[in-house]
Amino acid sequence: MEDKDIIALYWDRSEDAIVETDHKYGRMCRKISLNIVGDRRDSEEVINDSWLALWNNLPPEWPKLFKAYICRIVKNLSLKKYTRAHAQKRKCAMEQSLDELQNCAGPGAELEDELLKDELVQSIDRFLDSLSEGNRNIFLERYWFTLSLEEIARQNGVTKKAASMRLTRIREQLKKYLRKEGYDV
């Protein structure tokens, strides 16, 4: 089923909307959530909460990218779940991937001004647009979908070491790009 048809089901308040969303995006969303929370039961709870949030909060206009809209909901709820459940435990894949990006963001990462945050997001978007499709995919797999290096290597037909090296180079490119854009990294 096409995204526009699924969205129409939500607007019609048809329970089939949740069934169709789960059918089309459930596997991907479970993977994102499981990579963050690290527990299948917690992941299923997040997915159920995500479908409810989607049901209750679909914006009045069509989301430009329904898949990204759903992923953002799942990721945000997974992060909240992780924060509550694992405050003092060993780092998960999500924390490890964010630690890798910390040096790129620098001290300006905690910007208070929303305008500056938006400008930073736009700069990062422009950077991602400048990458080859393969490098952009690897970057997003690691830092958006929080895949492990092993999973990234398998999906891209490279070794774990090669995936790690590409991510290191991309982070260095991002760092240089953000400096050029005027950010203190």
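**Confidence.** I began with pLDDT, since the model is predicted, and found that the protein chain averages 82, with 82% of the residues scoring at least 70. Looking through the elements of the protein chain, I noted that α2 has the highest mean pLDDT, 92, whereas helix α5 (residues 93-105) has the lowest, 57. I then looked up residues 108-112, where pLDDT stays under 50 and for which the model has four contacts beyond four places in sequence.

**Helix pair.** Next I looked up how helix α7 (residues 133-143) packs with helix α9 (residues 160-180), and found an angle of about 95° with the axes 10 Å apart. Angles of 65 to 115 degrees count as roughly perpendicular, so I describe α7 and α9 in that way. On the α7 side I listed Gly134, Asn135, Ile138, Phe139, Arg142 and Tyr143, which meet Arg166, Leu167, Ile170, Arg171 and Leu174 in α9. By class, I recorded six nonpolar, two polar and three charged residues in this contact.

**Pocket.** Finally I turned to the second largest pocket, which holds about 210 Å³ of space. Its lining, as I wrote it down, consists of Arg27, Met28, Lys31, Ile32, Lys67, Glu141, Phe145, Leu147 and Gln155. Helix α2 (residues 16-37) gives the largest share of that lining, four residues. Sorting the lining by class, I have four nonpolar residues, four charged and one polar.

Notes: Residues numbered from 1 in each chain as written. Predicted model: local features only at pLDDT ≥ 70, side-chain atom pairs only at ≥ 80, totals over all residues. Heavy atoms only, no water. 1 Å grid on protein atoms, 1.4 Å probe; cavity = no way out; pocket = protein on both sides within 12 Å on 5 of 7 lines; lining within 4 Å. Points joined across faces, edges and corners; volume = space filled by probe spheres on them. Helix = DSSP H or I, 4+ residues; strand = E, 2+ residues; numbered from the N terminus. Nonpolar A, V, L, I, M, F, W, Y, C, P; charged D, E, K, R; others polar. pLDDT = per-residue confidence, 0-100. Contact = heavy atoms within 4.5 Å. Axes fitted to C-alpha atoms, helices over the stretch in contact; angles between N-to-C directions. Parallel < 35°, antiparallel > 145°, perpendicular 65-115°, else oblique.
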